[in-house]
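Here are my notes from going through this model, written as numbered points. Have it open in your viewer while you read.

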Amino acid sequence: MKAEHLPVLATEVMSMLAPAPGSLQIDATVGGGGHTERILEATDPDGRLLGLDADGAAIARVDDRLGPRFGDRLVLRRANFRELRDVAPDAGFSAVDGMLFDLGLSSFQLADAERGFGIRTGGPLDMRFDATRGVPAAELLASFTTAELTALFKRYGEEPQAGRIARAIVAARATTPVTTAEELVALVERVAPGNPRVRRRIHPATRIFQALRIAVNAELDALQEGLAAAVDLLRPGGRLVVLSYHSLEDRIVKRFFAAERRGCVCPPEIPICVCGRNPRLRLVTRPSLTPTADEVATNPRARSARLRAAERLAA
Ligand SMILES: C[S@@+](CC[C@H](N)C(=O)[O-])C[C@H]1O[C@@H](n2cnc3c(N)ncnc32)[C@H](O)[C@@H]1O
């Protein structure tokens, strides 16, 4: 499978970020560099962008492709966006005009047969964005108890057959432990094949792959921490744009935006505010944007995308 870097909702991202020449921008998830490239073009001749990715291969690829063209306007760091609060000021980006999070995995990662992200690509079940840290998915499958696997598949995959699949994985360990994407796909197809009509659109192992990837990369905790740091780093009037791809991510973004828009965190039974917190965000998209049928037809990865954007208010 040839990997391409067609950025999702690119027109909408650019209109929400509205990046101006001379501005400072952060792309917290450079991936294939599709959005990064457009932001740098729009901020020509002197806008600067800090691009992060947990995946060293993504950083190297974008550096090769865009580094020569944009020179020191593009600053790249291999880092998890949960470290944004330290990484951005260290790189000279302490107060920025725009910040983009395009969550999840890239088409390059999905197509990489050495990393086990793809149901149809196969390969050893690693699934780490940053292969230098953490525990590969195969190790979770080899060491978690049935109860732990069941909880993981329910929590991060909302998988109705979680218990049945967890028991089959633990039983398989006695003879043939599940270590590759192909083996996991075959096991799910055998024990929880699902409704054949739904199967044509969504593979029965989709939720299991999603759950493992979220757990391996602690994606939901990273998102909470990354968003909190992002609001602190934005200048008044600066824009925060987030693209999410499933309901667990989107729920976090939606609740985070709502809390920052409200400001006050006092319980409703207290008549006067005692927390003293002011609203820090104004919603720009209300409620959210999704791709057109045309975009989904040309870029299937956009299928479940949802964009939310907010603007930083003066403190
Ligand atoms: C959907 S892709 C981004 C695609 C990119 N916007 C483009 O136009 O090519 C998501 C990228 O975010 C990275 N990523 C996911 N979670 C991350 C995190 N917590 N910190 C840093 N990078 C992360 C992944 O490694 C992946 O390369």
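**Notes on rings, cores and cysteines**

1. There are three aromatic pairs in the structure. The rule used is that rings of Phe, Tyr and Trp (its six-membered ring) pair if their centres lie within 6.5 Å, with planes under 30 degrees apart called stacked, over 60 edge-to-face and the rest tilted. Phe-81 and Phe-101 make an edge-to-face pair, because their ring centres are 5.0 Å apart and their planes stand at 75°. Phe-81 sits in the loop between β3 (74-78) and α4 (84-90) and Phe-101 in strand β4 (residues 96-102), so the pair ties together parts 20 residues apart in sequence. Helices (H or I, at least four residues) and strands (E, at least two) are DSSP runs, numbered from the N terminus.

2. Before going on, the ground rules: this is a predicted model, where local features need pLDDT of at least 70 and side-chain atom pairs count only at pLDDT 80 or more, while totals for chains, interfaces and linings use all residues. Residues are numbered from 1 along each chain as its sequence is written, and side-chain values use heavy atoms, with hydrogens and water left out.

3. Phe-117 and Phe-129 form a stacked pair, 5.9 Å centre to centre with 20° between the planes. Phe-117 and Phe-129 both lie in the loop between α5 (107-110) and α6 (137-143), twelve residues apart, and both are buried.

4. Look at Ala-28 too, in the loop between β1 and α2. Ala-28 is buried at 2% relative accessibility. Leaving out residues up to four places away in sequence, Ala-28 touches Leu-52, Asp-53, Phe-81, Leu-100 and Phe-101 (contact means heavy atoms within 4.5 Å). Ala-28 and Asp-53 are 25 residues apart in sequence, yet 6.6 Å apart in space, C-alpha to C-alpha.

5. Now the packing. The largest nonpolar core has 71 residues, and Met-99, Phe-101, Leu-125, Phe-153, Leu-184 and Leu-240 touch the most other members. Helix α12 (residues 219-233) gives the most to this core, with eight residues. A nonpolar core here is a set of buried Ala, Val, Leu, Ile, Met, Phe, Trp, Tyr and Cys residues joined through side-chain atoms within 4.5 Å. Beyond its neighbours within four places in sequence, Leu-184 is in contact with residues including Leu-125, Leu-141, Ile-169 and Phe-209.

6. Helix α1 (residues 10-17) has Ala-10, Val-13, Met-14, Met-16 and Leu-17 buried. Down the axis of α1, the buried residues fall within an arc of 165°, so they line one face of the helix (the arc is that of the directions from the helix axis to the C-beta atoms). They pack against β1 (24-27), α2 (34-42), β4, β5 (234-244) and β7 (306-312). Just after α1, Ala-18 takes a positive phi of about 45°.

7. Last, the cysteines: how many disulfides are there? The count is zero, a disulfide being a pair of cysteine sulfur atoms within 2.5 Å. For Cys-264, the nearest cysteine sulfur is that of Cys-266, 3.7 Å away. The sulfur of Cys-275 is 3.8 Å from the closest one, in Cys-273, too far for a bond. Cys-264 is partly exposed at 25%, and Cys-275 is partly exposed at 28%.

How values were computed: Buried < 20%, exposed > 50% of the residue type's maximum accessible area, 1.4 Å probe, protein only.
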